[in-house]
Amino acid sequence: MMSEVASSFRILMVSPEVVPFAKTGGLADVVGSLPAALRELGCDVAVAMPLYRGVAAENLAGERIIEDLPVSLGSQVIPAEIWQGTLGGGIPVFFIRRDEFFDRTYLYGTPRGDYFDNAQRFAYFCQAVMALCPALSYRLHVVHCHDWQSGLVPAYLRLMHGGDPFWSETASMFTIHNIAYQGQFAAELFPVTGLPGNFFAVGGMEFWGGINYMKAGIVCADVITTVSPRYSEEIRIPPAGRGLEGVLQTHGHKLHGIINGADYGEWNPETDPLIAARYSAKNLAGKKRCKRDLLTTVGLPAGLMDRPLLGMVSRLADQKGLDLVAALAERLVAEDLGLVILGTGEEKYHLLFSELARRHAENVAVRLGFDNELAHKIEAGADIFLMPSQFEPCGLNQIYSLRYGTVPIVHATGGLYDTVKPFDPNRGEGVGFSFTRYEPEALWEALEAAIGMFHRPSLWQQIMRNGMAMDFSWENSARLYLALYEKAVAARRRPPAR
Ligand code: ADP
C-alpha cells in the first residue's frame, strides 16, 4: 500500500555511471533501470551524473541549461555547465560538465591504474550536485547516492547544509554496489572535500590515516542499502567488509539488502534483437540457433554443437574468480568442451586468456573489449554461464543467464548465493550449480556435476526451465526501495532525539 507522500516522492539519483550514457559495471544498469520502475510507482525521479567524453561524443547530453554554476572545490570555486538530457521515457538527467575533470577516455582510470585526481573529480561532482538542486529550485525528498563517487553528498547534506531550509525535507540514501571500491585517498587531500575539520576523525571519514569517500556516505546517510540481502550480511564481517565492517556494524541499523532487478526490456530471449533467434521456455529451438551463431561469430568449430559450451562475460578483475578459471584452464580444455570469454580489465588477464585462446584455438575463444552485442550472444548461445566470483555484491550476468536458459555455475557468495539455488535432481528444483570453498578443486567439482547433467537432456532442460521461470523484474525491487525511502523521510521528519 502506498501512502500519499510516497506517490509524490521526488528523488534524485546521484551516480557516476548510468546506462546508456556511461558504464563500467552493474551499477550503471541499476541506475539506468530503477528510475523508470520508481516512476511506475508514482515517484518523480531525476538522475545526476558527470558529462564524460563518451556522452558528448554521442550527443547524448541534451541541452545546456546552466552555463556557469559556481561549484566549490576545496578553497576554489570552479564553474560547471549543467546539461539536461533524458533517460528512457522522459526521466530528466542532469549532466555536470567540467571538461578538465570528465572529458577523458575512461571513467575512473586507464587499465594501468586510477586517475591521479579522482579525489578532486568526485568531490567536485558531489559539490556540483549540491549546487545544482537549489539553482534549479529542485527540492528533494530523497537524494539517493550510489557508490563512493557519490559518497560525499550525504556528508555535505548533513554537515554543511543541515540548517539550510532548502534541504530541510531531504533524506539521503547511500547504496553500496561494491565495497571493494571505496575511494580511499591520502589525508593531505581532505581539504579538497571542503568538509569541516572535525569530520577527519574515526567516527567520520578518516580511514587508516587517510580519507575514505564511501565511509563518508555510510556514516552520514539516513539509510544505507546494498545490492543483495546476503551481501548486506557478509560486509559486516571481515574479509568481505574490506576494513569497513566495524563502521557497518556501528551503522548496521541503517543497512538493508535489496537484490537488483534485471532489465527484461533489454535482456529477454523472447524479444532480444541482438541474438540470432528468439526463444522461450516453451520453445527452446531458437537457443540452438543462437549457439550455432555464437560459435560462428567467435570462430569456434561447429563440432562443439553437442558439447557443453561455457560462457563468461566479465570485467577481468580479481574479484571475478578468474584465478580459479586460470588454474583449471588446461583441465577444462582437455574436457572436450568450448569456452567463450568476453571481458576487459586487468592486463595480466588479457595476457593469460589471449595466450590460452592462442594455444587452444579449437576450444577457446577470447574477446578482449566491451561488446554489448556479443554479451547478448553469449548469454543466449552458451549452455553454461561461469561466474565463480570470489565475492559478488549482486551480479547481473547470472540473472540474465537464468532468463536465457544458460545454466549458471557460481561461487555461493553475495547475490550469487541469493539468486542461484543449486539444482536438486531428486526434487527437480533449483536453477544452477554452486560451490562454497573458493578453491579450484571446488569449482572443478561443480563443473563436473554440471557437465554430467548436461548429458542428461531431460534433467538439463528442467534446470533451464526452472531458471527461465524466475522473475527478477525491477518492479519488486523498486517497491522495496520505495519502502525504505518512506522510512528515510519519516526518520528525517522526526525531531532529533537530543
Ligand atoms: P560488475 O558490476 O561487477 O561488473 P555485474 O554482473 O553486476 O558485474 O554486471 C556486469 C554488467 O556489465 C552486465 O550487464 C554485463 O553484461 C556487462 N559487461 C561486463 N563486461 C562486459 C564486456 N566486456 N562486454 C559487454 N558487457 C559487459
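Colleague: In this predicted model, is the crossing of α12 and α17 left-handed or right-handed?

Modeller: The crossing is right-handed. The label is used because the near helix is turned clockwise from the far one, by less than a right angle.

Colleague: Why is α12 called oblique to α17?

Modeller: Start with the angle. Helix α12 (residues 322-334) and helix α17 (residues 440-454) have axes that cross at roughly 50° and come within 9 Å. That angle makes α12 oblique to α17, because roughly parallel needs an angle under 35 degrees and roughly perpendicular needs 65 to 115.

Colleague: How do you know which residues of α12 meet α17?

Modeller: A pair counts when heavy atoms lie within 4.5 Å. On the α12 side we find Leu324, Val325, Ala327, Leu328, Arg331 and Leu332. They meet Pro440, Glu441, Leu443, Trp444 and Leu447 in α17. Sorted by class, this contact has nine nonpolar, no polar and two charged residues.

Colleague: Let's turn to the strands. How do you know that β3 and β6 pair?

Modeller: Pairing asks for at least two bridges. Strand β3 (residues 63-69) is joined to strand β6 (residues 80-87) by four bridges, and the two run antiparallel; they therefore count as a pair. For a landmark, find Arg64, whose bridge partner in β6 is Trp83.

Colleague: And how many bridges link β6 and β7?

Modeller: There are seven, and β6 pairs with strand β7 (residues 91-97) in the antiparallel sense. One place to look is Thr86, whose bridge partner in β7 is Pro92. The hairpin of β6 and β7 has three residues between the strands, and Gly88 there takes a positive phi near 45°.

Colleague: Which peptide bonds are cis, and how do you know?

Modeller: Look at omega. From Val19 to Pro20 omega is near 10°, and the bond is cis. Pro20 sits in the loop between β1 and α2. Another cis bond joins Pro238 and Pro239, with omega about 0°. You will find Pro239 in the loop between α9 and α10.

Colleague: Why pick out Ser137?

Modeller: Most residues other than glycine have a negative phi. Ser137 is not a glycine, yet has a positive phi of about 50°. Its place is in the loop between α5 and β10.

Colleague: Finally, how far apart are the C-alpha centres of domain 1 and domain 2?

Modeller: They lie 33 Å apart. The contact between the domains takes 21 residues from domain 1 and 20 residues from domain 2.

Definitions and conventions: Residues numbered from 1 in each chain as written. Predicted model: local features only at pLDDT ≥ 70, side-chain atom pairs only at ≥ 80, totals over all residues. Heavy atoms only, no water. Axes fitted to C-alpha atoms, helices over the stretch in contact; angles between N-to-C directions. Parallel < 35°, antiparallel > 145°, perpendicular 65-115°, else oblique. Nonpolar A, V, L, I, M, F, W, Y, C, P; charged D, E, K, R; others polar. Domains from an automatic or database assignment.
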